[in-house]
Amino acid sequence: MVAEAPVASTESLAAVVADPTYVSRETPTREEDDPPLAMEAMRAVQILNPSGEVTMPRPDRTRVMCVANQKGGVGKTTTTVNLAVALALHGNRVLVVDLDPQGNASTGLNVPHHTGIPDVYDCLINSVPLAEVAQAVEGIPNLWCVPATIDLAGAEIELVSVVARESRLDRAIAAYPGEFDYVFIDCPPSLGLLTVNALVAAQEVLIPIQCEYYALEGLNQLINNINLVRQHLNPKLDVSTILLTMYDRRTRLADAVEQDVRNHFGDKVLQAVIPRNVRVSEAPSYGQSVMTYDPGSRGATSYFEAAQEIAERGVKEPVGRNA
């Protein structure tokens, strides 16, 4: 005897017809239906924005952002490069000022910065106009970089005897003939005269914080220095953005650091968190940002989300023009 297939009752069929939102358990969702490679390709297209349309809102005025943290290895340069590329790919005009003698931001943007190349040192010490030093970044429209060479290593000492030494970079940016939506200043891992120049030139400070205990130890010192600069040199300066980097979801420590930072800084902490991702580390060795090296990776997606969040905040809270 063959068992008969179960037949749905007329009541249940009527209920399905009446509810247009009904979805069978066996109907795959969009995420389940699309293979991982297809999802990655979709993310890559979204990040690279081949149409060139303005998909991230442009601020009403130039935002000069100093990326600072005196602790090394927290992701200052990586953050500067990837946020700048993300914003430029989505319709914003961006200038990156490499203020670190190591010149890593210049390397990440594939901008020549060997000895003899006009660099930010010439602007600070010899008053060379920024426009004569800035280089267009190859392959990224709307993105320019002021490189740093090894000459910048001696600038800390040479600036000591220069008149108005703290505001040299501020004057150079203010005298630039073009207009930018964003100016990112990549600081060295110290609180010397170069970092002070960046803090005086900026309106906003972006602090990348590594999700480890040591990263929190020096944070008070940085905030104190920022407050001193605000009191004596730049009253418009504000810590506007905190970005959590190198987040490892497998550890309780990362979660604890995140909670501490969010409790202390509140809304200044971006919702986007940058995970530990090998693609982010590999990209500079190819002279690229992770946005162009592997646009479908988790690292690229996270930096894209962070850039989008920064852009949206800029529209809600316009800041004064300084370029």
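1. Tyr 176 and Phe 180 are both buried in this predicted model. The two rings form a tilted aromatic pair, with 5.0 Å from centre to centre and 55° between the planes. For Phe 180 the relative accessible area is 3%.

2. Phe 180 also pairs with Trp 144, here edge-to-face, at 5.6 Å between centres and 70° between planes. Trp 144 belongs to strand S4 (residues 143–146) and Phe 180 to the loop between H8 and S5, so this pair ties together parts that are 36 residues apart in sequence. Trp 144 is partly exposed, at 22% relative accessibility. Trp 144, Tyr 176 and Phe 180 make up one aromatic cluster. The count of aromatic pairs comes to 4.

3. Salt bridges number 10. One of them joins Arg 58 to Asp 181, with the closest N and O atoms 2.9 Å apart. Arg 58 sits in the loop between helix H3 (36–48) and strand S1 (63–67), and Asp 181 in the loop between helix H8 (168–174) and strand S5 (182–186); the pair therefore ties together parts that are 123 residues apart in sequence. Asp 181 is buried, with a relative accessible area of 7%, whereas Arg 58 is partly exposed at 41%.

4. A salt bridge also links Glu 204 and Arg 63, whose closest N and O atoms are 2.8 Å apart. Because Glu 204 lies in strand S6 (residues 204–210) and Arg 63 in strand S1, the pair ties together parts that are 141 residues apart in sequence. Both Glu 204 and Arg 63 are buried.

5. Asp 294 and Arg 279 meet through their side chains in a salt bridge of 2.8 Å, N to O. Asp 294 is in the loop between helix H14 (290–293) and helix H15 (298–316), and Arg 279 is in helix H13 (residues 278–282), so the pair ties together parts that are 15 residues apart in sequence. Asp 294 counts as buried at 15% relative accessibility; Arg 279, at 32%, is partly exposed. Through shared partners, salt bridges join Arg 279, Glu 282 and Asp 294 into one network.

6. The largest nonpolar core contains 56 residues, and those with the most contacts inside it are Val 120, Leu 169, Ile 185 and Ile 207. Helix H9 (residues 193–201) supplies the largest share of this core, 7 residues. Beyond its neighbours within four places in sequence, Ile 207 has contacts that include Ala 68, Asn 69, Leu 219, Leu 222, Val 239 and Leu 243.

7. Another core, of 39 residues, lies apart from the largest one; among its members are Val 67, Val 81, Tyr 182 and Ile 274.

8. Thr 80 is placed in helix H4 (residues 76–89). Its relative accessible area is 0%, so Thr 80 is buried. Leaving aside neighbours within four places in sequence, Thr 80 is in contact with Val 67, Val 96, Phe 184 and Asp 186.

9. Leu 253 lies in helix H12 (residues 252–265) and is partly exposed, at 44% relative accessibility.

Terms used
Residues numbered from 1 in each chain as written. Predicted model: local features only at pLDDT ≥ 70, side-chain atom pairs only at ≥ 80, totals over all residues. Heavy atoms only, no water. Salt bridge = Lys/Arg side-chain N within 4 Å of Asp/Glu carboxyl O. Helix = DSSP H or I, 4+ residues; strand = E, 2+ residues; numbered from the N terminus. Buried < 20%, exposed > 50% of the residue type's maximum accessible area, 1.4 Å probe, protein only. Contact = heavy atoms within 4.5 Å. Core = buried A, V, L, I, M, F, W, Y, C linked by side-chain atoms within 4.5 Å. Phe/Tyr/Trp six-rings, centres within 6.5 Å; stacked < 30°, edge-to-face > 60°.
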